Amino acid sequence: MKSHLWTNHSFWMRGSAFFCSVFADTFLVLYKPIFFLKDAPVEVEVILLTPVDAWCITFLEAEEDAAFIGSSERFWVRRHHKHPDEKVLNPLLGANRMTNIVSQLFELYGVNMPIKKVILSRNGYVDYPEAPYDITILDKRTFPEWFERMRAISSPLKAQQLKGAQALLEYCQTTSSLRPEWEAEYNQTDGNQRAAP
């Protein structure tokens, strides 16, 4: 059976670009970070460090208007009017693992910042009436309001936020690149230095 879930690379790149392009520069985004813990690499989804809290975000997206039926079981059910029902791995498994890693590292480094656990479906619906109290479910109905609330945060970078980022990065593999505007500025500066006598 062919899966209709968006798990390909281009979807994930759209997810990371989404966070990097719509939130303030004071938000720090760790996109699919790989943590090295006890000599084993562990890849998680998205960690968003705002000036006031950390969001551990697990994406759950498929076709437009897909519905996900949540439970405490190992698998959830994805329903869509154009496709047969399909089992999908319970996203709470990954969300819990990610939250535990962040929590342990924050504790180890003395970071005092609230950690939020999120299941995010921007284009579909999540039906989980008995969801655990510590999970925030954002779907097509609730995502726009959360999104606008997050965009309205205008706080500057905070010491705890930077301390949290440092704690996470100490245990992460780092792959980075310059923003296009930084690269242009760097190239211009580098060219000027070469032209100087």
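In which strand does C56 lie? Start from there and describe the surroundings.

Reply: C56 lies in strand β5. The model is a predicted one, so a word on confidence comes before the details.

The mean pLDDT of the protein is 83, and 83% of the residues reach at least 70. Among the elements, α2 has the highest mean pLDDT, at 96, whereas helix α1 (residues 9–22) has the lowest, at 50. Over residues 1–14 pLDDT stays under 50, and the model has 29 contacts beyond four places in sequence for that stretch. Where pLDDT is low, the predicted coordinates should not be read in detail.

The residue itself comes next. C56 has a relative accessible area of 0%, so C56 counts as buried, the cut-off being under 20%. Beyond its neighbours within four places in sequence, C56 is in contact with V46, M98, T99, V102, I115, K116, K117 and V118. Several of these belong to named elements: α2 spans 91–109, and β9 spans 115–120. The pair C56 and V102 is separated by 46 residues in sequence, yet the C-alpha atoms are 8.3 Å apart in space. For the protein as a whole, residues 24 or more positions apart make up 58% of the contacts with a separation of 6 or more.

Now the sheet around β5. Five strands form an open sheet with mixed pairing, in the order β1-β4-β5-β9-β11. The edge positions are held by β1 (28–31) and β11 (135–138); each has a single partner strand, so one side of each is left without a neighbour in the sheet. Neighbouring strands are turned by 25° against each other on average, direction ignored. Strands of a sheet pair through backbone hydrogen bonds, either parallel or antiparallel.

Both senses of pairing occur here. β5 and β9 run parallel and are joined by six bridges, with F59 standing opposite L120 in β9. β9 in turn pairs with β11, also in the parallel sense, over four bridges; I119 has I137 in β11 as its bridge partner.

The packing can be followed through the nonpolar cores. The largest has 19 residues, and F35, V44, I47, L49, F106 and L168 have the most contacts inside it. Two or more residues come from each of β4 (46–49), β5 (54–59), α2 (91–109) and α4 (159–170). The biggest share is that of α2, which gives five residues. Apart from this core lies another, of 15 residues, which includes F23, W55, L138 and F147. In soluble globular proteins, nonpolar side chains tend to be buried together.

L49 shows how the largest core draws on separate parts of the chain. Not counting residues up to four places away in sequence, L49 touches T26, F27, L28, L30, A54, F106, M113, Q161, G164, A165 and L168. Two of these, F106 and L168, are also among the residues with the most contacts inside the core.

Four strands form an open sheet in the order β8-β7-β6-β10, and its pairing is mixed. At its edges stand β8 and β10 (125–127), each with a single partner strand, so one side of each is left without a neighbour in the sheet. The twist from one strand to the next averages 25°. Strands β7 (residues 75–80) and β8 (residues 83–89) run antiparallel and are joined by five bridges, and a hairpin of two residues links them. R78 has E86 in β8 as its bridge partner. Strand β6 (residues 67–69) pairs with β7 in the antiparallel sense over three bridges, and A67 stands opposite R79 in β7.

For the whole protein, there are five helices and 11 strands. Of its 197 residues, 39% count as buried, C56 being one of the buried residues.

Conventions
Residues numbered from 1 in each chain as written. Predicted model: local features only at pLDDT ≥ 70, side-chain atom pairs only at ≥ 80, totals over all residues. Heavy atoms only, no water. Core = buried A, V, L, I, M, F, W, Y, C linked by side-chain atoms within 4.5 Å. Buried < 20%, exposed > 50% of the residue type's maximum accessible area, 1.4 Å probe, protein only. Contact = heavy atoms within 4.5 Å. Pairing = 2+ DSSP bridges. Axes fitted to C-alpha atoms, helices over the stretch in contact; angles between N-to-C directions. pLDDT = per-residue confidence, 0-100.
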